[in-house]
Amino acid sequence: MSTISEVFLPGVGRKFQVETLTGDRLVIVIHDDGTRELYHFTRRNMDRPASVLRLTDGEARQIAGIVGGLTYVPRNLPMAEVILGDLVLEWFTIERGAACIGQTIRELGVRTRTGASIVSIIEPDQTTRTNPEADTVLNEGATLIAAGDRRTINALKRLLIEGRVE
Amino acid sequence: MDNVILEIGLALALIAFAVALAHKLGLSNIPFLIVIGIVVGPHAPQWGVFDFRFIETGSLISFMGRIGVLFLLFYLGLEANLTRLIEAGRSILAGGSIYVGINFTIGFTFGYLSGFPLRESLIIAGLTTVSSSAIVAKILFDYRRMANPETQIVLGITMFEDVFLAIYLSLISGIVLSGATSVGGVLSSGGIALGFIVGLIIIGRWVTPLLNRVLRISSSELFVVVVFACLFLLAGLGETIHVAESIGALLLGLILGETEHSERMERLVVPFRDFFGAVFFFGFGLTIDPFTLGGAAGMAIGAAVLSLIGVIIAGLIVGRRAKLSVVGSLNTSFTLLARGEFSIIIVNLALAGSLMPVLQPFAALYVLILASASPLLAKESERIYDAFARLFKRLRRKKKVDEEVEETDVESVQEPRAEARGE
């Protein structure tokens, strides 16, 4: 995972500095008036940004959704996650052999046993069930979107794969 | 006073022209507004219905300018948040103290040694110390420096200067308006002003929960009238007990800045600050007779050069503490060299206290020089550094040649330069 540092810029807003695994640096400045600035520094020149992008608040939110995979989840990724404060949204594909295949959400006791909840299911044929009923059957190859905190999400994953919480 | 609306319209057209020109050239609008104010005035011609002398409306423009100062300082109060400054950490407090200390000392010494009395010297020290937040923010944004490591230091020092300015303005308004000239008189009137202000801020903190509740007003119309009524009332009341009206506005800003409504108020005040503030800078130029500028020119240039030296020394010290590269330190210096709105506000106090009139053209020229020089220097800081590095390299080589009577190895000279740039 890349390292992220956060600095307060008095009178302007906040600055986030991301050192990516490729060795580049991305600096995101969030102005209190909503403007976002993205500075891209390459490994070869850390003093002068290779490019600077300025976005309005609306553009930034739209782009955040796209980059964060809210509209399209990368197809070859077994799981992906979005972190909003304590809330974690995680995309999780049910792979062959998982203990939960063929069971309903109620039978598994997802909410009661783990504390996380399944907020959406994307079936292998790309049909989406948002807010699935408790008697929805989990199928192999379906992608679940689960919401919870870090601990409950991990418990949920264990429940789905191994069929037990502890 | 038949054509009063037409004359005000003409003044606003000139203001709009100055702001448009500054915008077109990508520069701060403060120097343009002052210059256009100086150009017109009682000595200017009258073309038909267009009267560029602004004799009849002069008092109206200066009144609008006074409102401008109220809004500028009210906004400063909302922004200058002591709690936020303390949260920002000790490094900002230390850096800010170094920076303000050096520049204030230089400014005061300069004023005093130029033969000015104590109160005038205090005004000069103030107006040469505080950077223009507006120009600093513009430089950082325009030159795309928000991501640079020195930027958080520049912004931190600007925030420190805001708080310093709030305290200093309050102190100095007591001194200037009370008419004290002896050191003892200055100290006691300054003490009274400071006591009044600290008392008000303590009371203000105490009533913050009450203010939070009272100001929970959903109607934006009611909100604006209530806030502005408080602003003018408190400013006016301050005036009756010899605290400059602008200090009343500043204090109200400081108190209301602690409430949960401060952001809503900032949004509300900004257009009024921009409009009446522009009229204030124009009106300030209008009060200056262009023929007095010549007498103040030498002094203004001298002060500007001293300020340049002061910011470079302060920038290098602060930069070294923060482990910045030399170019980063120079960026800090040159960006913070910008002087603008606050210098004019401070010298405006001198007018209210009827101090020596030469301060006005001095401040105007000083601000014009530094408001234009600072963005240019900040933009070219890297090239300036390279030029100096080359100069030092040549000097060192010459010295070495003199001492050892042999050619210097180019490699060994270039190495420290790369180090200094933090590469």
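The crossing of helix 6 of chain B and helix 8 of chain B is left-handed, meaning that the near helix is turned anticlockwise from the far one by less than a right angle. Helices here are DSSP runs of H or I with at least four residues, and strands are E runs of at least two, numbered from the N terminus. This is a predicted model, where local features need pLDDT of at least 70, side-chain atom pairs count only at pLDDT 80 or more, and totals for chains, interfaces and linings use all residues. Residues are numbered from 1 along each chain as its sequence is written, with chains lettered from A and ligands numbered from 1 in the order in which they are written.

The axes of these two helices come within 11 Å and cross at roughly 160° (axes are lines fitted to C-alpha atoms, for helices over the stretch in contact, with angles from 0 to 180 degrees between N-to-C directions). Helix 6 of chain B is therefore roughly antiparallel to helix 8 of chain B (an angle over 145 degrees). Here are the residues that meet, in contact if their C-beta atoms, placed from the backbone, lie within 7 Å:

| Helix of chain B | Residues that meet the other helix |
|---|---|
| Helix 6 | B:R119, B:L122, B:I123, B:G126 |
| Helix 8 | B:Y168, B:I172, B:I175, B:V176 |

Now look at where the chains touch: 12 residues of chain B are in contact with 13 residues of chain A. Helix 8 (residues 149–178) of chain B gives the most to chain B's side, with six residues.

In chain A, five strands form an open antiparallel sheet in the order 1-2-3-4-5, where pairing takes at least two DSSP bridges. The edge strands are strand 1 (3–9) and strand 5 (51–55) of chain A.

Note on methods
Contact = placed C-beta atoms within 7 Å. Parallel < 35°, antiparallel > 145°, perpendicular 65-115°, else oblique.
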